[in-house]
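This report walks through selected local features of one protein model. Please look over the sequence and the structure below before reading on.

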Amino acid sequence: MTNSKFSSVLFDLDGTLIDTAVDMIHALARLADNHQIDHQLNVAEFRQYISKGAVALVKSVFNNPDPALLETLRQQYLAIYQQQLNTHSKLFDGIAEMINHLDQQQIPWGIVTNKPSWLAVPIVKATTELNTSRILVCADEVGIAKPDPKPLLYAAEQMGLTAASTLYLGDAQSDIDAAHAAGMQSAIAMWGYLAPEDKTEQWLAHHRFNQPSDMLKINQEINLL
């Protein structure tokens, strides 16, 4: 764990700020039902796939379909999911307090997600606690997804941030890799959608937070506040 100072924060969305697992897995169950696929989908078992994206979710049920069918299923899945955005999704415990603390301390923060904008924007707008975010950057807006650093660097540029003093918090290896490539500090949200096979110690993140308040403790330790 590093003691380097950071003066701004960027966040991943799903699995970091918001628990979208129930809505996403219910949508996957509907897709399976539409194709007469027998399934035993439950949130506890399938939440680990969420940070790996819609393709991984579809593959987990449809047994690695050919590329053309996979793309069709992915589009069908996202269309179903769009119909039930914000039905069960909610902030993880402690996130509201963490964001309130950042706002009180006037620490700028934003969101960088691989979720397409037509899904991410309605979720963020509907979540009052996220309305003080300085920016929302989605992969489709910049033309490439994490682990490429471009979305993070674009957010930093638009917010006037220095990469070296910015912390990026996410729950997937692609988040950590993107932060490293962007020259930012990296942190793992250990409450997120981590799979049993994820070897998080090998991601070489600067920080590992077991709960959101851990980030505030780090801030206090480095005398930022």
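## Glu 157 in helix 8

Glu 157 belongs to helix 8, which covers residues 150-159. The model is a predicted one. With a relative accessibility of 59%, Glu 157 counts as exposed, because the cut-off for that class is over 50%.

In sequence, Glu 157 and Val 9 are 148 residues apart. In space, the C-alpha atoms of Glu 157 and Val 9 are 13 Å apart.

Pro 147 is found in the loop between helix 7 (139-142) and helix 8. The peptide bond that leads from Lys 146 to Pro 147 is cis, and its omega is near 20°. Most peptide bonds, in general, are trans.

## Helix 1 against helix 4

Helix 1 is made up of residues 21-34. Helix 1 and helix 4 pack with their axes 9 Å apart, at an angle of about 125°. The two helices are therefore oblique to each other, since an angle over 145 degrees would be needed for roughly antiparallel and 65 to 115 for roughly perpendicular. The crossing of helix 1 past helix 4 is right-handed.

From helix 1, the contact takes in Asp 23, Met 24, Ala 27, Leu 28, Arg 30, Leu 31 and Asn 34. They meet Leu 73, Gln 76, Tyr 77, Ile 80, Tyr 81 and Gln 83 of helix 4. Sorted by class, the residues of this contact between helix 1 and helix 4 are eight nonpolar, three polar and two charged.

## Helix 1 against helix 3

Helix 1 also has a contact with helix 3, residues 54-62. The axes of helix 1 and helix 3 come within 11 Å and cross at roughly 45°. Helix 1 and helix 3 are therefore oblique to each other, and helix 1 passes helix 3 in a right-handed crossing.

On the side of helix 1, the residues in contact are Met 24, Leu 28, Leu 31 and Ala 32. On the side of helix 3, they are Leu 57, Val 58, Ser 60, Val 61 and Phe 62. The contact of helix 1 with helix 3 has eight nonpolar residues, one polar residue and no charged residues.

Met 24, Leu 28 and Leu 31 of helix 1 are listed both in the contact with helix 4 and in the contact with helix 3.

Ser 89 is buried, because its relative accessible area of 17% falls under the 20% cut-off. Apart from residues up to four places away in sequence, Ser 89 touches Ile 18, Asp 19, Thr 20 and Asp 23. The side chains of Ser 89 and Asp 23 are joined by a polar contact of 2.9 Å.

Asn 86 counts as partly exposed, at 28% relative accessibility. Although Asn 86 is not a glycine, its phi is positive, at about 65°. Most residues other than glycine have a negative phi.

## The loop between helix 5 and strand 4

Another positive phi is that of Gln 106, near 55°, again in a residue other than glycine. Gln 106 sits in the loop between helix 5 (95-104) and strand 4 (109-113). Gln 106 counts as exposed, with a relative accessibility of 69%.

Key: Residues numbered from 1 in each chain as written. Predicted model: local features only at pLDDT ≥ 70, side-chain atom pairs only at ≥ 80, totals over all residues. Heavy atoms only, no water. Buried < 20%, exposed > 50% of the residue type's maximum accessible area, 1.4 Å probe, protein only. Polar contact = N/O pair within 3.5 Å; in protein donor to acceptor, adjacent residues only side chain to side chain. Contact = heavy atoms within 4.5 Å. Axes fitted to C-alpha atoms, helices over the stretch in contact; angles between N-to-C directions. Helix = DSSP H or I, 4+ residues; strand = E, 2+ residues; numbered from the N terminus. Parallel < 35°, antiparallel > 145°, perpendicular 65-115°, else oblique. Left-handed = near helix turned anticlockwise from the far one by under 90°. Nonpolar A, V, L, I, M, F, W, Y, C, P; charged D, E, K, R; others polar.
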